[in-house]
Amino acid sequence: MASRGYTVGATPPQVVWTVVRGDTASFRVYVTDDARQPINVPDWTIDMDIKRSSTQITSVTPAATEDDDDGEFTVSLSAAQTELLETDDIFDIQLTDETRVWTVVQGKMLVIEDVTD
């Protein structure tokens with residue numbers, strides 16, 4: 001009798017985030033629960049680290065803004081933070097509550113050099 005294989009869990013979405021060095025940058029994340037209903041973002045702590053190899057380059061605290069709808073939050077980098085980045089730096093975004101840690105996005109950076117001073 002042949003054995004069956006099962007896959008459990010899900011790979012977080014993989015994102016390539018393109019930024020121009022020295023510019024501000026942001027993107028919106030939309031998260032739902034298992035029933036595909038928007039999560040209540042204030043119930044979660046949201047953290048993001050950007051690393052090069054195993055060295056942390058910068059840390060970000062994404063948050064819901066007044067422009068975000070239910071289940072949405074915005075990830076933003078300052079101009080000073082994008083100055084530190086290089087192409088292929090990696091990041092992930094984790095949501096945490098009292099009982100769970102959930103990686104909702106993983107990705108890497110694509111950094112374009114600025115032309116205008």
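Which residues does Asp89 touch, not counting residues up to four places away in sequence? They are Ile50, Lys51, Arg52, Ile57, Leu84, Gly107, Lys108 and Met109, where contact means heavy atoms within 4.5 Å.

## Basis

This is a predicted model, in which local features need pLDDT of at least 70 and side-chain atom pairs count only at pLDDT 80 or more, while totals for chains, interfaces and linings use all residues. Residues are numbered from 1 along each chain as its sequence is written, and side-chain values use heavy atoms, with hydrogens and water left out.

## Overall fold

The chain has 1 helix and 7 strands, in the order β-β-β-β-β-α-β-β from the N terminus. Helices (H or I, at least four residues) and strands (E, at least two) are DSSP runs, numbered from the N terminus. Along the principal axes, the C-alpha atoms fill a box of roughly 65 × 40 × 20 Å.

Of the 117 residues, 32% count as buried; buried means under 20% relative accessible area, exposed over 50%, and partly exposed in between (1.4 Å probe, protein chains only). Among contacts with a separation of 6 or more, 65% are between residues 24 or more positions apart.

## Strand pairing

Strand E7 (residues 101-112) pairs with E1 in the parallel sense over 7 bridges. E7 also pairs with E6, in the antiparallel sense and over 7 bridges. Two strands pair if DSSP finds at least two bridges between them.

Ile112 in E7 is the bridge partner of Val20, and Trp102 in E7 is that of Leu95. A hairpin of 4 residues joins E6 to E7.

## Asp89

Asp89 sits in the loop between helix H1 (79-84) and strand E6 (90-96). Asp89 counts as buried because its relative accessibility is 1%.

The Asp89 side chain makes a polar contact with the side chain of Arg52 at 2.8 Å. A polar atom of the Asp89 side chain also lies 2.8 Å from the backbone nitrogen of Glu86. A polar contact is a pair of N or O atoms within 3.5 Å; within protein, one must be able to donate a hydrogen and the other to accept it, and residues adjacent in sequence count only if both atoms are side-chain atoms.

## Nonpolar patch

Val16, Leu110 and Ile112 make a nonpolar surface patch of about 250 Å². Accessible areas come from the Shrake-Rupley method with a 1.4 Å probe; for residues, only the protein chains shown count as cover.

Val16 lies in strand E1 (residues 14-20) and is exposed, with a relative accessible area of 55%.

Definitions and conventions: Patches are made of residues with over 30% relative accessible area and no salt bridge: like charges are joined within 9 Å, nonpolar side chains (Val, Leu, Ile, Met, Phe, Trp, Tyr) within 5 Å. A salt bridge is a side-chain nitrogen of Lys or Arg within 4 Å of a carboxyl oxygen of Asp or Glu.
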